Amino acid sequence: MAATYILEHETFGDLEVLERRDARGLSLRIHEGGVIRVTVRPGTSKAEILEFIDNQTDWIEKSIVKIDSRGHQKTLFSPQTPFSTRQHELQLSSTSPDNRAHLKVSPGLISVIYPSDVNPTESDVVQELARKGIAFALKVEAQKFLPQRVRDLADLHGFKFKTLSFKDLKSRWGSCSTNGEICLNVQLMRLPDHLIDHIILHELCHTVEMNHGTRFHKLLNSIENGREAEFEREVRKWRTQLF
């Protein structure tokens, strides 16, 4: 009989671990939406699974990019393509005084300046600075908004969690360890409020049910008035990364 549980990875967030008696060693699949599933024999240690994932990092990242590219075009930032977070506006400007590209994040503004002879959409340096600036701004916003929202939802529905942290995860919106340690993707701040709540509630439910079995979905649906599947369809329209 197969059993499934969630294991947190520092880079990729939640891993779905499927234990099967007939498994031949460890195997790996990336499902649509970037869900990483590892199939193992019962009794395989968490350390062995994490080491296996670490050794497959390059393949996993390439696979996630390939899956993501099937339905999305790469985001290219330029002065002609406005981009804003909830509290910050991205501004690109060819006003660099020293022939170099620079990034500055200040309240309300993500500023990238570059030399006048540089085409920002063709410059890897400019695009990377824009991505870093957005991620930093989102983390600032997440740290201001999400802790209280997580506490409010936990108190409202009777959940307890140990710690809360934030990362710019590559493929998952959040994760919850077996110790009740919740990690949320800073990219959550790009989502509408009801989907942010959905992701938070998803992870809070993992403090009670660590897998995605029947009891997990029953619990989450009871909180969301039967709308879990609806919210999941909405979430799939968003990418964890813009790039």
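Biologist: Where is the place of Asn99?

Modeller: In this predicted model, Asn99 sits in the loop between S6 and strand S7 (102-106).

Biologist: Why is Asn99 called exposed?

Modeller: Exposed requires over 50% relative accessible area. Asn99 has 58% relative accessibility, so Asn99 counts as exposed. The phi of Asn99 is near 65°, a positive value in a residue other than glycine.

Biologist: What makes Asn225 exposed?

Modeller: The cut-off of over 50% applies again. With 67% relative accessibility, Asn225 therefore counts as exposed. Asn225 is placed in the loop between H5 and H6, and its phi is near 55°, a positive value in a residue other than glycine.

Biologist: Why is the contact between the side chains of Arg86 and Asp193 called a salt bridge?

Modeller: The term needs a side-chain nitrogen of Lys or Arg within 4 Å of a carboxyl oxygen of Asp or Glu. For Arg86 and Asp193 the N to O value is 2.7 Å, so the pair meets the criterion. The search of the whole structure finds seven salt bridges.

Biologist: Which parts does the pair of Arg86 and Asp193 tie together?

Modeller: Arg86 lies in the loop between strand S5 (83-84) and S6, and Asp193 lies in helix H4, so the pair ties together parts that are 107 residues apart in sequence.

Biologist: How do you know whether Arg131 is buried or exposed?

Modeller: Buried means under 20% relative accessible area. Arg131 has 17%, so Arg131 is buried. Its salt-bridge partner is Glu128, at 2.8 Å from N to O. Glu128 has 32% relative accessibility and therefore counts as partly exposed. Both residues lie in helix H3, three residues apart, about one turn of the helix.

Biologist: What makes Asp22 and Arg20 a salt bridge?

Modeller: Their side chains meet at 3.1 Å, N to O, and the limit is 4 Å, so the pair qualifies. Asp22 counts as exposed because its relative accessibility is 53%, whereas Arg20, at 34%, counts as partly exposed.

Biologist: Which residues have the most contacts inside the largest nonpolar core?

Modeller: That core has 41 residues, and those with the most contacts inside it include Phe77, Ile134 and Ile200. H3 gives the most to this core, with eleven residues. Ile200 touches Leu146, Arg149, Val150, Leu153 and Leu184, not counting residues up to four places away in sequence. A second, separate core of 15 residues includes Tyr5, Phe12, Val38 and Ile53.

Note on methods
Residues numbered from 1 in each chain as written. Predicted model: local features only at pLDDT ≥ 70, side-chain atom pairs only at ≥ 80, totals over all residues. Heavy atoms only, no water. Core = buried A, V, L, I, M, F, W, Y, C linked by side-chain atoms within 4.5 Å. Buried < 20%, exposed > 50% of the residue type's maximum accessible area, 1.4 Å probe, protein only. Helix = DSSP H or I, 4+ residues; strand = E, 2+ residues; numbered from the N terminus. Contact = heavy atoms within 4.5 Å.
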